[in-house]
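Trainee: I would like to learn how to read a structure feature by feature. Could we go slowly, taking the general idea before each case?

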Amino acid sequence: MRTSWRDYLGDFHAERPGITEQLLDRARDDRGRTPYDWVADAVPRGTAVLDLACGSAPLAERLVASYVGIDLSASELALAARKGAPVVQGDATRLPVADDAVDVVVVSMALMLVPLAPTLVEVRRVLRPGGRLVALLPTTGPMPPRDLLRFARLCVALRQRGLDYPNDAELTDGVPGFTTVLDEQRGFVVELDTADTAQMLLRSLYLPEVGDERMAHGAAVVSRWVGSTMTTPLRLLVAEPGA
């Protein structure tokens, strides 16, 4: 059992670097776009972008912008560096970035996990006037009934009530202290064409309370999904610092 989310996430990304990118690169909406394409569409061309908690930097090649990524995980940053992405190791609560330095801060699949209040203080500090925060987050829908039922069966096997994150309540109505520009949800379909892909879907989930025995039960459930698809529901938030 992990002592904290921070410890859990450190171990998770050391053991499974790039897994979030691997999964979401396989996911498609009804327009054939990946979640990262969705994020990139929300970032104006020619802007200066800070990719906070950038992971393996899946956005670096998608943005027509001046880009730098920051992450705590050395393992994730090593993957990003192999792509030639400009990345720096740093903490979301103490960004190694000057005041008023960027036009857009992007946070993909991490704003629900970071220490929210100090991170948002830092986001405000580094954003130029008129700047924006673009955040990709997990959510609960939309999902077709079949996938809702299968997800419920997976949760039973894992003995989980669902997928819960530290900042869920604070982000329910948007980003605290920011004015919402866009708040949209989409379902992205993942083709589970092989057993490895099905297991990758399970292993990509943040499950700090789930031990090896329960993960084995979950693995047995997702093994029955091979040859089908599963919907991953995501939320895109675009917000500007409030007064």
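Mentor: Let us begin with burial: a residue is called buried under 20% relative accessible area, exposed over 50%, and partly exposed in between, using a 1.4 Å probe and protein chains only. Please keep in mind that this is a predicted model, in which local features need pLDDT of at least 70 and side-chain atom pairs count only at pLDDT 80 or more, while totals for chains, interfaces and linings use all residues. Residues are numbered from 1 along each chain as its sequence is written, and side-chain values use heavy atoms, with hydrogens and water left out.

Trainee: Is T93 buried or exposed?

Mentor: T93 counts as buried, because its relative accessibility is 19%. Helices (H or I, at least four residues) and strands (E, at least two) are DSSP runs numbered from the N terminus, and T93 sits in the loop between β4 (87-89) and β5 (102-108).

Trainee: Which residues does T93 touch?

Mentor: Contact means heavy atoms within 4.5 Å. Leaving aside residues up to four places away in sequence, T93 touches P115, P118, T119 and E122. T119 is 26 residues from T93 along the chain, yet their C-alpha atoms are separated by 4.6 Å.

Trainee: Which residues of helix α5 are buried?

Mentor: In α5, which covers residues 116-126, the buried residues are L116, T119, L120, E122, V123 and V126. Seen down the axis of α5, they fall within an arc of 160° (the arc of the directions from the helix axis to the C-beta atoms), so they line one face of the helix. The face turned away from that buried side carries the exposed residues A117 and V121.

Trainee: What do the buried residues of α5 pack against?

Mentor: They pack against β2 (48-52), β5, β6 and β7 (178-192).

Trainee: In what order do the strands of the sheet lie?

Mentor: Two strands pair if DSSP finds at least two bridges between them. Here an open sheet of 8 strands has the order β1-β7-β8-β6-β5-β2-β3-β4, with mixed pairing. The edges are β1 (27-28) and β4, each with a single partner strand, so one side of each is left without a neighbour in the sheet.

Trainee: Which parts of the chain does the pair of E240 and R132 link?

Mentor: The side chains of E240 and R132 meet in a salt bridge at 3.0 Å, N to O. This pair links distant parts of the chain, with E240 in strand β8 (residues 228-241) and R132 in strand β6, 108 residues apart. E240 counts as partly exposed because its relative accessibility is 27%, and R132 is also partly exposed, with a relative accessible area of 29%.

Trainee: And what about D147 and R146?

Mentor: Their side chains meet in a salt bridge at 2.8 Å, N to O. D147 is buried, with a relative accessible area of 1%, whereas R146, at 40%, counts as partly exposed.

Note on methods. A salt bridge is a side-chain nitrogen of Lys or Arg within 4 Å of a carboxyl oxygen of Asp or Glu.
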